[in-house]
Amino acid sequence: MQLYDTLTRGRQELPPAPGPIRMYTCGPTVYQRIHIGNARPFVISMWLRRWLAERGYDVTLVENITDVNDKIYNAAPGHSAVLAAQASQWYIEDTEGLGLGRPDHEPKATETIPEIVALIEELVRDGYAYEAGGDVYFRVARFADYGRLSGQRPDQLEDDDPSPFKEDPRDFALWKATKEGEDTSWDSPWGRGRPGWHIECSAMAEKFLGPSFEIHLGGLDLVFPHHENERAQSQAAGREFARLWMHNGLLEFVGEKMSKSIGNVASLHDVIEEWGPETILVFFLTAHWSKPIDFSDETMAAAAARVEGFREVFRGPSEPAAAGEWERFQAALEDDFNTPEALAVMHGWRDHELLRRALDIFGLASLAERQDAPPEIVELARQRQEARAARDFDEADRLRAEIEAAGWEARDAADGFQLVPR
RNA sequence: GGCGCCGUGGCCGAGUGGUUAGGCAGAGGCCUGCAAAGCCUCGUACAGCGGUUCGAAUCCGCUCGGCGCCUCCA
């Protein structure tokens, strides 16, 4: 199995199965409902986990919830904790609605404070970090490999509004002293405060996966500074940390960037309501995980048509697939988890068993389920069949209209009729 | 200013030097009382300009266009 790795800018081979694959995915900061783009790393992580399990690996997936940071403080001055709790719940509910199950662990930053403090203490002790004004900063100059993940050149970094406490504008906060109006804080050797943004992931990854793990995932927009800083902290503290970095491409609205300030953000919650989970999953399947994907009525409608196409296969007879078909599907996924290619392979299948197995990898087994019409609709269809037999086509058409009005489509078949939801 | 990604037929989207991607939409046909579904047929695309090569969507350069990041956006 090969995957594209941001750090080495090339494909990396996963160790052969069986064996452990430990995955860490950067989850959301909870201050509002997540949008459809935020769902992408969750979906990709869950798919990859399912696939690796299918291939015989012992997979552990950790996806964190960031429930303390500036965004939350700003969104709910004075009661950020209430908002964070509410938004965490939304996040669980909304992703639950995708039908992909849950990661193995979903730690929250606020539940990992002791580990965070301990890690910072190590860094301070070894000279990789320093306390200043109640804050603690990472000393970027001490970490020679800084910038390798993101390709940023330290001397070119912009320097908008450096904290007066920093020795070097590139330094970043590991711990921040409590400020006026912040309603959550914890004790630390440096006084009351709360963790910086990046340190939590270093601490949570280690807590659940150990000092080194196989795959780190997250959105492309996290490469710098978030992941660069995670890596710097953990490696400075002597941990190997992530061996491979997968950064998913961002979701865009056609012709316009999705932006909260423009107000064109579609929440996962609303998109599930409008299109259903299957269409969302197939939509994500149509683009390679590492590339950007356009969200629009047109692209969603195309995904919905594919969903219907798969359902249609299960309404017909199962026809055994040719030998080697599963291997073609497998080869597509082993090749950098190429889901568009895998989709193309699946579209040729009429083998119910095989197709169901493939769909299940992506949380789409529901497409194989029969959709039975209620008895009263079946009765209408039966009457229509009688009318047709009597060649009373006016009555037959009237009944079809009635059936359609009830949300079903009557199809004539050689041996009777079929009812399909519309 | 710096780092990086991308530009394929109406739309989406695979494809890393030479054989049909696939899907959606569309056209015609078969089938049907009429339909639907299904099946068959139909599209020689690769931003532009140069270059390398027997041969390039695929390698190199430049240009144009879209996008991300540059200390707290997945």
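At what angle do helix α7 and helix α8 pack, and how far apart are their axes? The views below come from a predicted model, in which local features need pLDDT of at least 70, side-chain atom pairs count only at pLDDT 80 or more, and totals for chains, interfaces and linings use all residues. Residues are numbered from 1 along each chain as its sequence is written, and side-chain values use heavy atoms, with hydrogens and water left out.

**View 1. Helix α7 against helix α8.** Here α7 (residues 268-275) meets α8 (residues 277-285) at about 110 degrees, axes 7 Å apart. That makes the pair roughly perpendicular (65 to 115 degrees). Helices are DSSP runs of H or I, at least four residues; axes are lines fitted to C-alpha atoms over the stretch in contact, with angles from 0 to 180 degrees between N-to-C directions.

**View 2. Who touches whom between α7 and α8.** On the α7 side sit Leu268, Val271, Ile272 and Trp275, and they meet Pro277, Thr279 and Ile280 of α8 (contact means heavy atoms within 4.5 Å). By type, that's six nonpolar, one polar and no charged.

**View 3. The second largest pocket.** This one holds about 350 Å³ of space. Its lining has 16 residues, and closest to the centre are Arg315, Arg370, Gln371, Asp372 and Gln418. A pocket is an open set of points on a 1 Å grid where a 1.4 Å probe fits, with protein on both sides within 12 Å along at least five of seven lines; lining residues have an atom within 4 Å of a point.

View 4. Strand β14 gives the largest share of the lining of the second largest pocket, five residues. Domain 2 (276-368) and domain 3 (375-421) both contribute to the lining, so the pocket lies between them.

How values were computed:
Chains are lettered from A and ligands numbered from 1 in the order in which they are written. Grid points are joined across faces, edges and corners, and a volume is the space filled by probe spheres set on the points. Helices (H or I, at least four residues) and strands (E, at least two) are DSSP runs, numbered from the N terminus. Domain bounds come from an automatic or database domain assignment. Angles under 35 degrees count as roughly parallel, over 145 as roughly antiparallel, 65 to 115 as roughly perpendicular and the rest as oblique. Ala, Val, Leu, Ile, Met, Phe, Trp, Tyr, Cys and Pro count as nonpolar, Asp, Glu, Lys and Arg as charged, and the others, Gly among them, as polar.
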